[in-house]
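Let's take a walk through this one together, strand by strand and then out to a loop and the ligand. Have the structure open and follow along.

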Amino acid sequence: MLDAQITEKPLTFIKSQSDLPGDVDSDLETSGAWSVAQIEALFALPFNDLMFKAQQTHQTYFPDGDVELATLLSIKTGGCPEDCGYCPQAARYDTGVKANKLMELEDVLEAAKAAKAAGSNRFCMGAAWREPKDRDIEKVAAMIKGVKALGLETCATLGMLETTQAQALQEAGLDFYNHNLDTSEDFYRSVISTRGYQDRLDTISNVRAVGMSVCCGGIVGMGESREQRAAFLARLANLSPYPESVPINHLVPVAGTPLAEQAPLDPLEFVRTIAVARITMPRARVRLSAGRQELGRAVQAMCFQAGANSIFYGEQLLTTGNPEAEQDRALLADLGLKTKQSCKSEVLI
Ligand code: SF4
């Protein structure tokens, strides 16, 4: 049995900003132990100050300024027994999503080839399971081997994972495992009841235990308070080590789900969330994920300024829309942003 390599640093609560050790511009990003109050203090900075600090951090840790393109394929859609309140794939919600079986290997590899041809450098495979069975792991392992052989980075999101399953996926060549914390611990029960916060932390530990990289983030705009957004980012930033990839989703309310009528989050608050993620997890790839389409070009540009440096690209993002690859390429070109793949050859897409 491998030892879990992940630990959580305790959260310390500081009553007011005046209790901060120095000001928030001190070198907190390398301290690795963020209090919720410290993160709230970042959120509360004047917008331009926050953006400046985030951009400084970004340029320090990502001097190339490149953007990673990740394509997500739903290899098994719908029919999920969980009750995540935002998710159209939960079987219990009437959302019109049809449950499909696990895709065939050849079809997955065709999609991966297309993603590579379109410029993607990471291929993520998502399955709507509570947790995979061992026979599912065998099939997904074959997909991972095939995708890896195409020269793509591989990521999978299959639900809760045991260490032995993580080991099998890692041996097949899996680079990243995605499992999101979704939100803060105290807001979590408002959204999900069929698995606990600790279950999620355990899966992340199991992934770390076999030496795989972690992709872990969540969704904002589900009705949580700013303090809860700060607590969510504190949990991520205080994971030791913090995730290599941090997808930040903007809720897409889907008819039929409990969050269908949720009022949209102020776009500037979303940009602030990206900036705070960048400052508190300076080496992570911060990914704009679901909900990007609704943000429009200007807000996405601000997110890149705030330190986002990865996007889901060119394929349907599970069952919600994702901007077409052409629109993405045009936006990145207009902003003068290079992609991770093209960065070495200094080619603008
Ligand atoms: S988010 Fe994942 S686990 Fe939750 S209902 Fe959707 S597919 Fe199932």
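This is a predicted model: local features need pLDDT of at least 70, side-chain atom pairs count only at pLDDT 80 or more; totals for chains, interfaces and linings use all residues.

Strand β2 (residues 68–76) pairs with strand β3 (residues 122–127) in the parallel sense, and six bridges hold that pairing.

How do you get from β2 to β3? The path goes by way of helix α3 (residues 105–117), and the three elements together make a right-handed β-α-β unit.

β2 has another partner too: strand β11 (residues 310–312) runs parallel to β2, joined by three bridges. Here the pair to find is L69 and I311, the latter in β11, standing opposite each other. As for cover, nine of the nine residues in β2 are buried.

Now hop over to H179, in the loop between β5 (176–178) and α6 (185–188). Is H179 buried or exposed? It counts as buried, because it has 24 C-beta neighbours inside 10 Å, and the cut-off for buried is 20 or more. Setting aside residues within four places in sequence, the contacts of H179 are T157, R200, T203, I204, V207 and C216. Take V207: it is 28 residues from H179 in sequence, yet the C-alpha atoms of the two are 9.4 Å apart in space.

Last stop, the ligand. Around it you'll find C80, E82, C84, C87, Q89, A90, A128 and G159.

Notes: Residues are numbered from 1 along each chain as its sequence is written. A residue is near a molecule or strand if its C-beta atom, placed from the backbone, lies within 6 Å of it. A residue is buried if 20 or more other C-beta atoms lie within 10 Å of its own, exposed if 12 or fewer, and partly exposed in between; C-beta atoms are placed from the backbone. Helices (H or I, at least four residues) and strands (E, at least two) are DSSP runs, numbered from the N terminus. Two strands pair if DSSP finds at least two bridges between them. A crossover is right-handed if, with the strands pointing away from the viewer, the path from the first strand over the helix to the second runs clockwise. Two residues are in contact if their C-beta atoms, placed from the backbone, lie within 7 Å.
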